[in-house]
Amino acid sequence: MNCGMRYAHGLMAVVAGMLLLLGGCRHRQLVDMGNTHYVRVYVDEDILNVTKGFYDERLERPFFQLPHIMRVMLCNPHSGQVVAERYLQNCDCDEHGYYLDGYIVAPPGDYNVMIYNFGTETTQLRDDGYYNRIEAYTNPVSDQMLARLPQAGDRYSDRDILYDPDHLFVRSQESVHLAPTSHIDTLRDACGDYFRARTVVKSYFMQVKIRGVEWLRSVSGLVSGLAPAVRLCDRKLDGKSPSMVCFEMQAGHRGQALRAEEEGERAVLYTTFNTFGKLPEVESEIRITFELLRIDGKSMVVSLDLTPKFDSDEGRLHQWLIINHEIVIPPPDKPEEGGGFNPGVDEWEDVESDIII
């Protein structure tokens, strides 16, 4: 084959390759890398009954975890679908508080913005590809936790017992306009400030008086009639199926309280539990059920109506549920040494009481 023929065959191969390349390509919208936007999100750490407004400063505060990753979503304002996203991992603090920041690239246009912290232990997310659908929820408790509740499998077989949610910090804003730019600009909220994310989870402090706390080994609490999920864009609660949250109770100032009991004071059981909220549009009774295990392995079950407490000024403004009732624990026939709140289970002997507060 002479040089001319080799040249012709080579030219045909190049043309064929170009045609194949053009025919096999999908059309993709080109994004100018100049359309880069700086994003900063402050985390609002003012949380009732966690970082402020605690009922009794002498009692142990609940654990609070600052987020280390936050997801930024730019969504189509009509379909709600995610157009661009970025996970912010750079953390820092300044005079305005703790924040995460980074950069996101997106073509010019109008967007709805959704920002939330990523990777909590118990709070899960569904429909996270859409601005107007994404919801936070929690899963049912494990079999191991359920087994720690006396006869819980029989008593609550027809209900969902869920973990109480971790705090989820969210900022959502509609109609954010990104203009064409050849330099890095800053994505801001409607007031021209950096974004600030606030929790969509409420922390309630609950306390009840207890007599005979020295005879207790452990106490679990279950609160019914709560929302199992919340929509992030408008904070709307899921009212289809009221759920229960489960948690462990603590004894307040056990050593001091037991000695003070002789002087007229009472020991208390207390906790701070988290929830997406009480369902406002559904007529559901809010109840607390105490599962109390004595040191001899026998149990008591005390159920109280909490609905008036949730609707009171203390409940609405401070998220305090201070129960004006005293639980009396009778001493065991043969008290064991070592005091209460130690693990161990023997046979069950349930004593139930329903009390309207």
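Visitor: In what sense do S13 and S21 pair, and over how many bridges?

Guide: Strand S13, residues 202-211, pairs with S21 in the parallel sense, over seven bridges. Val208 has Ile323 of S21 as its bridge partner. Two strands count as paired if DSSP finds at least two bridges between them. Strands here are DSSP runs (E, at least two residues) and helices are runs of H or I with at least four, numbered from the N terminus.

Visitor: Before we go on, what kind of model is this?

Guide: It is a predicted model: local features need pLDDT of at least 70, side-chain atom pairs count only at pLDDT 80 or more, and totals for chains, interfaces and linings use all residues. Residues are numbered from 1 along each chain as its sequence is written, and side-chain values use heavy atoms, with hydrogens and water left out.

Visitor: Back to the sheet. What is the strand order?

Guide: S17-S18-S13-S21, in an open sheet of four strands with mixed pairing. S17 (250-252) and S21 (320-328) each have a single partner strand, so one side of each lacks a neighbour in the sheet. From one strand to the next, the twist averages 30°. Axes for such angles are lines fitted to C-alpha atoms, for helices over the stretch in contact, and angles run from 0 to 180 degrees between N-to-C directions.

Visitor: How many bridges join S13 to S18?

Guide: Nine, and the two strands run antiparallel. Gln207 stands opposite Tyr270 in S18.

Visitor: And S17 with S18: parallel or antiparallel?

Guide: Antiparallel, over three bridges. Gln250 also stands opposite Tyr270.

Visitor: Is S18 mostly covered or uncovered?

Guide: Mostly covered. Nine of the nine residues in S18 (267-275) are buried, meaning under 20% relative accessible area with a 1.4 Å probe on protein chains only; exposed is over 50%, and partly exposed lies in between.

Visitor: Which residues point which way from S18?

Guide: Ala267, Leu269, Thr271, Phe273 and Thr275 point one way. Val268, Tyr270, Thr272 and Asn274 point the other way, and all are buried. In a regular strand, side chains alternate between the two faces of the sheet.

Visitor: What about the three-strand sheet? What is its order?

Guide: S7-S8-S15, open, with antiparallel pairing. S7 (123-126) and S15 (229-231) are the edge strands, each pairing on one side only. The twist averages 25° from one strand to the next. Four bridges join S7 to S8, residues 135-138. Thr123 has Thr138 of S8 as its bridge partner.
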